[in-house]
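Morning, everyone. Please have a look at the chain on the screen. I'll walk you through a few parts of it.

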Amino acid sequence: LDDPSLYRQMVGSLQYLSFTRPDIQFAVNMASQFLHQPWLVHLQAVKRIFRFLKGTHSHGLQLCKQSSVSLTIFSNSDWAGCAATCRSTSGFCIFLGSNLISWSTKKQPTVSRSSTEAEYRALAVATAEAKWIQFILRDLGIYLCTPILAKCDNIGAIHLAHNPVFHSRSKHVALDYHFIREKINQGDLTVSHVPTSQQLADIFTKAVSAAKF
């Protein structure tokens, strides 16, 4: 594009709108990666997002009153999903009871050497966000009735979170991500497996089929 200012304004508007429309989070994140030098194909993709929003303007988040207070995390990653850098994309969504209150799509800062590492990094980011929400709830005088429940569809990442032995083949995982294990040992976090077909965070890491979306 000769003048990328229009593209940047459109993407900026979509970023603001994604605060209340988690269904466009991944698409907006992808569009944001081409702000420096967008092409015509990128502008067409952004216009398609606007057409989708026009057809679903009545969609939104529904918040319901809950009798019990609990936090549930769905975390996922798209291993080496970026064709240019081979970096993975982390995505998560956090529920307070049955209410969706937080979500994110973000490219990981470094290349992951395995899908387990990519999933584990995504789980760590999601856990940090959930702990931050827990601290805010405590400041408001609201306490969780159960430990934070994290759901992941990668068996290797779940085993790594529970395994007290730090194997040499997992040493390339940054040590600061192992605070997950600490939270598990303290009883603040429970990690369980969820089938890929029931992984709600899929829409934050990759483009999914229309039927699943």
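Is I136 buried, partly exposed or exposed? I136 is partly exposed, because its relative accessibility is 33%, and buried would need under 20%. Keep in mind that this is a predicted model. I136 sits in helix α4, which covers residues 115–139. I136 also belongs to a nonpolar patch on the surface, together with W132, L140 and I142. Those four residues have about 400 Å² of accessible area together.

Now the sheet. Which order do its strands take? The order is β3-β2-β1-β4-β5. That is an open sheet of five strands, and the pairing is mixed. As a reminder, strands of a sheet pair through backbone hydrogen bonds, parallel or antiparallel. The edges are β3, residues 99–107, and β5, residues 189–193. Each of these edge strands pairs on one side only. On average, neighbouring strands are turned by 20° against each other, ignoring direction.

Look at β1 and β4 next. These two strands run parallel, and three bridges join them. Strand β4 spans residues 148–152. Find I73, and then find its bridge partner in β4, which is A150. Helix α5, residues 155–162, packs on the sheet. Helix α5 touches β4 and β5, and its direction makes about 150° with that of β5.

Over to helix α2, residues 25–32. Which of its residues are buried? They are Q25, F26, V28, N29 and A31. These buried residues pack against helices α1 (5–17) and α3 (40–55), and against strand β3.

Next, a loop. Most residues other than glycine have a negative phi. Two residues here go the other way. A80 has a phi near 50°, which is positive, and A80 is not a glycine. C86 is not a glycine either, and its phi is positive at about 60°. Where is A80? A80 is in the loop between β1 (71–78) and β2 (89–96). C86 lies in the loop between β1 and β2 as well. A80 is partly exposed, with a relative accessible area of 33%. C86 counts as partly exposed too, because its value is 41%.

Last topic: salt bridges. How many are there? The count comes to four. I'll show three.

Start with R121 and E117. Their closest N and O atoms are 2.7 Å apart. Both residues lie in helix α4, four residues apart, about one turn of the helix. An α-helix has 3.6 residues a turn, so residues three or four places apart point the same way. R121 is buried, at 8% relative accessible area. E117 is buried as well, at 2%.

Then take D188 and K131. Their closest N and O atoms are 3.6 Å apart. Why does this pair tie together separate parts of the chain? D188 is in the loop between α6 (179–185) and β5, while K131 is in helix α4, so the pair links parts 57 residues apart in sequence. D188 is partly exposed at 21%, whereas K131 is buried at 7%.

Finally, K206 and D202. Here the closest N and O atoms are 3.1 Å apart. K206 is partly exposed, at 25% relative accessibility. D202 is buried, at 5%.

Conventions:
Residues numbered from 1 in each chain as written. Predicted model: local features only at pLDDT ≥ 70, side-chain atom pairs only at ≥ 80, totals over all residues. Heavy atoms only, no water. Patch = residues over 30% accessible without salt bridge, like charges linked within 9 Å, V, L, I, M, F, W, Y side chains within 5 Å. Areas by Shrake-Rupley, 256 points an atom, 1.4 Å probe, with all protein chains shown as cover. Salt bridge = Lys/Arg side-chain N within 4 Å of Asp/Glu carboxyl O. Buried < 20%, exposed > 50% of the residue type's maximum accessible area, 1.4 Å probe, protein only. Pairing = 2+ DSSP bridges. Axes fitted to C-alpha atoms, helices over the stretch in contact; angles between N-to-C directions. Contact = heavy atoms within 4.5 Å.
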